Amino acid sequence: MEERLYDLIFICRPATPEEDVNKIVATLEHSATEHGGKVDKVERWGTRRLAYRVAKHREGFYVYMVVRGTQGDMIKELERRLKVADPVIKYQTIRLDEELKRQSKLARHRERRAGRRPRKPAATPQAPPAAEQASPAS
Amino acid sequence: MADQPKNEPPATPEATPPSSPQRSEGRPSGPPRREGGYGGGGGPRREGGPPGGGPGGPRRGKRQFFRKKKVCRFCVEHVDFIDYKKAELLQAFVQDRGKILPRRMTGTCSRHQRWLGEAIKRARNIALMPFATEL
């Protein structure tokens, strides 16, 4: 099966100690590798203001991860772990590979079109017919 | 009664509130409403009319209002993927209370509006953007 790319964001309570966050990240990495996946990137965005109240908190500690894997079970397991983790108040997983594929396809398409454009000569003698069409109508 | 509101503003709009007790027999809520109308709607529209209609008049026939063509911002910048994590960028495409702005306001093309809506909804889900601002 082809490989899939996911964005995984979770929010911890603002009072969570650093080592607890590290522990959660470590367990996620462990279970990802167990299911044949891989954690590409871990970013700690730090404590940010939430746009709305979540679990009575107005702030949260954001952690952003990029995970790649081939089995859908992996995401299931990661989400289960986030669900049972006490400091985590919100999480979201988004599959991104299809959108990135679309992005690269569009970029390729544009490049090809840009390469072709100079060869095409400009031909726009369409002003007189447009004027003729306009006069009978009025 | 009907002639009063038309005559007052050109003469001295600022002088009306003090002198209003004499005229405001039947309409106590008159002055505030008129002030609001002149500050918000009347001024800009009247200013915008002559520059567009004057020079553009001979060429464009009867069209009085010249509206600048809106261009899709994402098309100009060749954006192929709208990142939901850039909440500051997305903030420009929602109203103050958090509603997604329609295409006719922002000029976004249909394809990018679709992606934009998706990105905003994703950002909302993870509390980067509000569903609705609390007051």
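Chain A has four helices and four strands, where helices (H or I, at least four residues) and strands (E, at least two) are DSSP runs, numbered from the N terminus. This is a predicted model, so local features need pLDDT of at least 70 and side-chain atom pairs count only at pLDDT 80 or more, while totals for chains, interfaces and linings use all residues. Residues are numbered from 1 along each chain as its sequence is written, with chains lettered from A and ligands numbered from 1 in the order in which they are written.

Going along the sequence, the elements of chain A come in the pattern β-α-β-β-α-β-α-α. Contacts here mean C-beta atoms, placed from the backbone, within 7 Å. Among contacts in chain A with a separation of 6 or more, 77% link residues 24 or more positions apart.

Next, the helix pair. Helix 1 (residues 18–34) and helix 2 (residues 72–84) of chain A pack at about 160 degrees with axes 9 Å apart; axes are lines fitted to C-alpha atoms over the stretch in contact, and angles run from 0 to 180 degrees between N-to-C directions. That makes the two helices of chain A roughly antiparallel, a label for angles over 145 degrees. On the helix 1 side, A:Thr27, A:Leu28, A:Ser31 and A:Ala32 meet A:Met74, A:Glu77, A:Leu78 and A:Arg81 of helix 2. By class, this contact has four nonpolar, two polar and two charged residues; Ala, Val, Leu, Ile, Met, Phe, Trp, Tyr, Cys and Pro count as nonpolar, Asp, Glu, Lys and Arg as charged, and the others, Gly among them, as polar.

Leaving aside neighbours within four places in sequence, A:Phe10 is in contact with A:Val63, A:Leu82, A:Val88, A:Lys90 and A:Tyr91.

At the interface, 16 residues of chain A are in contact with 11 of chain B. Helix 3 of chain A supplies the largest share of chain A's side, six residues. That side divides into 10 nonpolar, three polar and three charged residues.

Technical notes: Contact = placed C-beta atoms within 7 Å. Parallel < 35°, antiparallel > 145°, perpendicular 65-115°, else oblique.
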